[in-house]
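The following note sets out numbered remarks for a colleague who is examining this model. Please read each point beside the coordinates.

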Amino acid sequence: MALLTVANLQKRFGGLVVLDEISLEVESGQIQGIIGPNGAGKTTLFNVINGIYTATRGTITFKGKTITNRKLNDIASLGLGRTFQVARVFSEMTLLENMLVPAIPRRLSRVAAKAQAMELLDLAQLAELKDQPAIEISGGQRKLLEFMRTMMVDPELVLLDEPFNGISPALIDRLIEIVLKLNKEEGKTFLLISHEMPHVSHLCETVTVLAAGRNIAKGTPAEMRENPAVIEAYLGH
Ligand SMILES: Nc1ncnc2c1ncn2[C@@H]1O[C@H](COP(=O)(O)OP(=O)(O)OP(=O)(O)O)[C@@H](O)[C@H]1O
Ligand SMILES: [Mg+2]
């Protein structure tokens, strides 16, 4: 059974159908990519999966449980984490304080939470900046911080929304290393949205392509580059 299954999902905002008949399966241990032109509905799909938006129709199953239209916090506590296209961090708080926010409802001891936070900051090479307010670090570093904060609750599946967008080449390399390490050593599963085909090809064996709110293709990155419907969707855009 797949870790995440999205079946015949529809999302409408009033009369506007933004997602229509979307189906997707993510296997445990996979790093799967989602690509598609601007406005295809990629972020909306994440927002419906993680409970920010309710689905108009269709079902979402995670770890064998139906999570369609369940509350954001319930979905997160089942082990489904996500990052945002523009990182959402607490600007006035230090990096370490940001990391400790998800630990509060988990009632981890302060010592254990801090040790875990420092380990993750270290992985992202942000440990030395731990006492700086998040507003003082670069946009790319904020994306890494948000990603590492997501890992504080040890999610099984992480949805990454355009993690490479607006970050420096050096940080992209670090981010790729972290994703691969968490995947290989800890078995973490990733579903990642990106327009950066070279990085998608490097990380993902399977790519799902969305265009105008619909599934138009699925396959390896190489297959997708040659797929006429995919080429058409990008050129048409
Ligand atoms: N809350 C909302 N109300 C109305 N329309 C919305 C809402 N959220 C998204 N949309 C519309 O849904 C469509 C898909 O948007 P979405 O942000 O999911 O696209 P995307 O594939 O993530 O694009 P990008 O690559 O630019 O990030 C767009 O036409 C957008 O305007
Ligand atoms: Mg988006």
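**Remarks on the predicted model**

1. Helix α1 and its burial. In α1, the residues K42, T44, L45, F46, N47, V48 and I49 are buried. Because seven of the eight residues of this helix are buried, α1 is largely enclosed by the rest of the structure. Just after α1, G51 adopts a positive phi of about 95°.

2. The magnesium site. Which residues coordinate the magnesium ion (ligand 2)? The donors are T43, through OG1, and Q85, through OE1, at 2.0 to 2.3 Å. These two residues bring together distant parts of the chain: T43 belongs to helix α1 (residues 42–49), whereas Q85 sits in the loop between β6 (80–82) and α3 (95–100), 42 residues apart.

3. Strand β3. Is strand β3 (residues 31–35) largely enclosed or left open by the rest of the structure? Five of its five residues are buried, so β3 is largely enclosed. In a regular strand, side chains alternate between the two faces of the sheet. In β3, I31, G33 and I35 point one way, Q32 and I34 point the other way, and all are buried.

4. The partners of β3. Strand β3 runs parallel to strand β8 (residues 189–193), and four bridges join the two. Within this pairing, I31 has F190 of β8 as its bridge partner. Four bridges also join β3 to strand β9 (residues 206–211), again in parallel. Here I35 has V209 of β9 as its bridge partner.

5. The antiparallel sheet. An open sheet of four strands has the order β2-β1-β4-β5, with antiparallel pairing. Strand β4 (residues 57–62) pairs with β5 in the antiparallel sense over two bridges. In this region T61 stands opposite T66 of β5.

6. The largest pocket. The volume of the largest pocket is about 780 Å³. Its lining consists of 23 residues, of which N73, A76, P102, T150 and V153 lie nearest the centre. The elements that contribute two or more residues to this lining are α2 (72–77), β6 and α5. Helix α2 provides the largest share, four residues. By class, the lining comprises 12 nonpolar, six polar and five charged residues.

7. Helices α4 (110–123) and α6 (169–186) each supply at least two of the lining residues. The lining divides into four nonpolar, one polar and six charged residues. Domain 1 (4–79 + 155–236) and domain 2 (89–152) each contribute at least three residues to the lining of the second largest pocket.

8. The cavity. How many cavities of 30 Å³ or more does a search of the whole structure find? The search finds one, and about 60 Å³ of space lies in the largest cavity. Its lining is formed by T83, F84, K143, L144, E146, F147, L160, D161, P163 and L175. The elements that give two or more residues to this lining are α5 (139–151) and β7 (157–161). The largest share, four residues, comes from α5. Six of the lining residues are nonpolar, one is polar and three are charged. Since domain 1 (4–79 + 155–236) and domain 2 (89–152) both give residues to the lining, the largest cavity lies between them.

Technical notes
Residues are numbered from 1 along each chain as its sequence is written. Chains are lettered from A and ligands numbered from 1 in the order in which they are written. This is a predicted model: local features need pLDDT of at least 70, side-chain atom pairs count only at pLDDT 80 or more; totals for chains, interfaces and linings use all residues. Side-chain values use heavy atoms; hydrogens and water are left out. Donors are N, O and S atoms within 2.8 Å of the metal (3.2 Å for Na, K and Ca); water is not among the atoms, so sites may look incomplete. On a 1 Å grid over the protein atoms alone, a cavity is a set of points where a 1.4 Å probe fits but cannot get out, and a pocket is an open set with protein on both sides within 12 Å along at least five of seven lines; lining residues have an atom within 4 Å of a point. Grid points are joined across faces, edges and corners, and a volume is the space filled by probe spheres set on the points. Ala, Val, Leu, Ile, Met, Phe, Trp, Tyr, Cys and Pro count as nonpolar, Asp, Glu, Lys and Arg as charged, and the others, Gly among them, as polar. Domain bounds come from an automatic or database domain assignment. Two strands pair if DSSP finds at least two bridges between them. Buried means under 20% relative accessible area, exposed over 50%, partly exposed in between (1.4 Å probe, protein chains only).
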